[in-house]
Protein chains: 2
Amino acid sequence: MRTLVPFDALTPKSRLEPVLSADEREGFARRMLEDVLAAVGGAGGDPLVVATAPVECDAPTVVDDRPLSVAVNDRLDAGTAVVMADLALATPRTLRAFFAASGDVVIAPGLGGGTNALVVRDASFRTDYYGTSYLDHLRIAHERGLSVREVDAARLAVDVDEPRDLADVLLRGEGESAAWLRERGVRLRDSNGRGRATRSRTE
Amino acid sequence: MRTLVPFDALTPKSRLEPVLSADEREGFARRMLEDVLAAVGGAGGDPLVVATAPVECDAPTVVDDRPLSVAVNDRLDAGTAVVMADLALATPRTLRAFFAASGDVVIAPGLGGGTNALVVRDASFRTDYYGTSYLDHLRIAHERGLSVREVDAARLAVDVDEPRDLADVLLRGEGESAAWLRERGVRLRDSNGRGRATRSRTE
């Protein structure tokens with residue numbers, strides 16, 4: 001399946017600033033992108049990176065600096081998937097099941113109400129990624145009489161935005177992102193029963 | 001399936017203090033417990049609440065104030081499930097699929113590395129809920145030569161511990177917990193692309 005992978009190549013992952021420097025955030029975002037591209041490819045998807053600026057990666061890339069929803073909608077034919085570039089827990093297996101789910105629109109909601117992955121099989125659907133897009137996408141599909149299938153997967157629900165999310169990458173990530181974090185001294189520490197990612201800068 | 005539901009009846013949900021008063025935290029924890037019991041029952045499970053102090057609820061209850069792992073292990077026969085009382089997103093459908101998964105041990109990891117739900121089909125398994133128990137449980141199963149099946153479901157991965165988690169209850173909760181939050185003025189607000197639960201005390 002043709003799969004758009006939007007990527008912020010300019011100031012990626014700014015909310016990870018407490019743990020990673022600007023250069024590191026860029027490097028980490030690139031590792032996550034590569035992990036996602038590998039998962040999409042492994043699931044039989046055909047990725048196209050839609051980046052806000054030129055980026056070198058292991059897939060065809062197009063640069064489009066318009067707002068995310070515009071850049072996606074412009075390329076949204078029936079039978080297109082959209083998978084976010086920061087799903088560091090995504091695996092080929094999870095995405096294969098996601099792509100195979102039936103429905104005019106298939107949604108994997110993210111924690112906090114984003115839309116982490118989407119399959120659009122009816123070209124009348126339009127994305128609106130601003131705000132809690134999960135609710136907006138349910139509404140848009142409903143307004144157009146489209147069937148919706150929601151896929152509930154933690155590996156697709158965790159988009160890595162905040163330091164707290166790094167713990168899940170360390171715990172369950174199977175790709176380069178987790179290895180990259182470990183190499184830079186980001187470690188799992190137990191805090192009040194929930195694992196946290198911490199870092200010793202002197203390490 | 002016989003399903004233990006451990007419940008902290010003394011100081012539940014202390015990390016929700018920024019949003020809810022002590023009385024409210026107790027009330028909210030009780031609503032989540034009832035939602036979980038309804039989901040377990042709807043999935044064909046036979047719940048037993050293992051509480052740290054007496055609690056009135058819609059299921060048989062036993063009081064056991066020993067540490068969680070001890071209280072659970074003492075009741076762990078082959079064919080026992082353990083489901084945490086704060087899985088406010090759990091539905092009968094999700095738990096039915098979870099109970100039906102094969103494996104000597106079936107695990108639904110929580111965000112941050114807890115063990116949110118567990119099926120134990122081999123009585124040699126022992127729980128250890130201290131710390132990032134997901135990794136410990138994988139290790140314990142491995143040491144005893146037991147097969148492990150990991151079930152990846154966001155509805156089982158979100159245990160409601162922190163204010164951030166309330167957004168997901170408001171977004172996707174289908175039970176009393178979400179309604180209870182709304183009645184008390186806890187609302188979803190968009191913050192930097194991720195939904196947050198906020199509350200106006202004057203509401």
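User: Where does Val83(B) lie in chain B?
Analyst: Val83(B) belongs to strand 4 of chain B, residues 80-83. Strands (E, at least two residues) and helices (H or I, at least four) are DSSP runs numbered from the N terminus. This is a predicted model, in which local features need pLDDT of at least 70, side-chain atom pairs count only at pLDDT 80 or more, and totals for chains, interfaces and linings use all residues. Residues are numbered from 1 along each chain as its sequence is written, and chains are lettered from A and ligands numbered from 1 in the order in which they are written.
User: Is Val83(B) buried or exposed?
Analyst: Val83(B) is buried because it has 27 C-beta neighbours inside 10 Å. Buried means 20 or more other C-beta atoms within 10 Å, exposed 12 or fewer, and partly exposed in between, with C-beta atoms placed from the backbone.
User: Which residues is Val83(B) in contact with, leaving aside neighbours within four places in sequence?
Analyst: They are Thr3(B), Val5(B), Val36(B), Val40(B) and Ala117(B). Contact means that the C-beta atoms, placed from the backbone, lie within 7 Å.
User: New topic: how many residues of chain A are in contact with chain B?
Analyst: On chain A, 24 residues are in contact with 24 residues of chain B. Helix 6 of chain A gives the largest share of the chain A side, four residues.
User: And what about the phi of Lys13(A)?
Analyst: Lys13(A) is not a glycine, yet its phi is positive, about 60°. Most residues other than glycine have a negative phi. Lys13(A) sits in the loop between strand 1 (2-7) and helix 1 (22-42) of chain A.

Notes: Two residues are in contact if their C-beta atoms, placed from the backbone, lie within 7 Å.
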